[in-house]
Amino acid sequence: MAVTLVIASGCSSPTDGVVVSTPRAETVPRGPLESLGLGSMSDRDRFDAEQRELQRCMAESGFVYEPLPYVEQVPARSPDPDHGFGYSIQLPMDPVTVEAPDPNAERLERLDPKARSAYLLALQGDQTVVAEMADDQGCYGRAFASTRPPRAARALIGELQDEAQRRFFASPEWLEFEREQSGCWRAAGFEGDPATLAFQRYNALIGQYGDDVPPGELTEMQDYERDAAAASVSCDSKAQPGLIDAQFAIEQAIIDEHPELFELLDQTPGTAKP
């Protein structure tokens with residue numbers, strides 16, 4: 001179990017015609033480093049501000065861009081003792097997944113090939129060049145940067161997050177959790193991460209039979225996967241309550257070691273206008 005902080009926004013392709021909600025991690029507090037990188041703006045306010053900046057940027061390039069609607073994100077599905085991990089057992093459709101039409105798709109389709117290419121170049125930047133940072137990807141990059149700290153500050157925050165992760169996974173709190181978790185897995189009959197073992201077993205079965213897995217072996221696989229999911233849920237629930245606190249304490253200590261970060265944050269960022 002890795003303690004990760006993930007913030008996702010509704011995403012779309014300029015050609016697929018829909019804005020689709022994407023899975024996000026279960027809601028957890030933002031740590032000190034993530035808070036410096038994102039500030040106090042809510043996900044929705046940030047998304048809306050970026051869409052307005054996209055509209056302005058595209059207008060400066062001579063194109064019409066209509067801001068996309070915000071789509072509330074769907075919580076990532078957790079392992080389920082009834083449905084496993086979704087390997088050998090079909091997961092039920094998530095009833096709260098939503099889609100919204102992309103108001104720019106029809107307009108883009110009406111453009112001739114040359115104008116369409118110019119539109120996408122302005123929107124996304126040159127996709128044949130690997131961008132150093134998201135800022136470098138056309139109007140998307142400009143909109144992204146408009147709601148975040150200066151580029152140099154974000155680069156340093158990224159380096160400090162990597163260091164925080166290294167320290168966290170070497171911390172006594174994490175090592176004790178791993179010890180307890182491994183013992184819990186063994187008590188449930190698994191010599192390792194149940195999700196990984198179930199995935200490996202399923203892959204081996206598909207590698208041997210393809211789509212024609214004998215019914216008896218498929219039933220055994222599904223029973224194994226359900227047991228693995230039950231063990232995963234049970235053992236992860238035993239996570240030490242202090243893990244998040246330990247992670248945040250490490251991040252704060254690293255921030256305290258780098259006062260130059262605040263000098264970078266004090267530089268004028270590109271802020272999207274309301």
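## The link of C184 and C235

With a torsion of -85° about the S-S bond, the link of C184 and C235 is left-handed. The pair connects distant parts of the chain, since C184 sits in helix 7 (residues 172-187) and C235 in helix 9 (residues 215-236), 51 residues apart; helices here are DSSP runs of H or I with at least four residues, numbered from the N terminus. The sulfur atoms of C184 and C235 are 2.0 Å apart and form a disulfide, a term that stands for a pair of cysteine sulfur atoms within 2.5 Å.

Both C184 and C235 are buried, where buried means under 20% relative accessible area, computed with a 1.4 Å probe on protein chains only.

## Basis of the model

This is a predicted model, in which local features need pLDDT of at least 70 and side-chain atom pairs count only at pLDDT 80 or more, while totals for chains, interfaces and linings use all residues. Residues are numbered from 1 along each chain as its sequence is written, and side-chain values use heavy atoms, with hydrogens and water left out.

## The link of C57 and C139

A disulfide is also formed by C57 and C139, with their sulfur atoms 2.0 Å apart. Because C57 lies in helix 2 (residues 43-60) and C139 in helix 5 (residues 138-146), the pair ties together parts that are 82 residues apart in sequence. The torsion about the S-S bond of C57 and C139 is about -75°, so this disulfide is left-handed.

C57 counts as buried because its relative accessibility is 9%, and C139 is buried with a relative accessible area of 2%.

## Overall pattern

The structure holds two disulfides, and, with bonded cysteines counted along the chain, they follow the pattern 1-2, 3-4.

Key
Helices (H or I, at least four residues) and strands (E, at least two) are DSSP runs, numbered from the N terminus. Buried means under 20% relative accessible area, exposed over 50%, partly exposed in between (1.4 Å probe, protein chains only).
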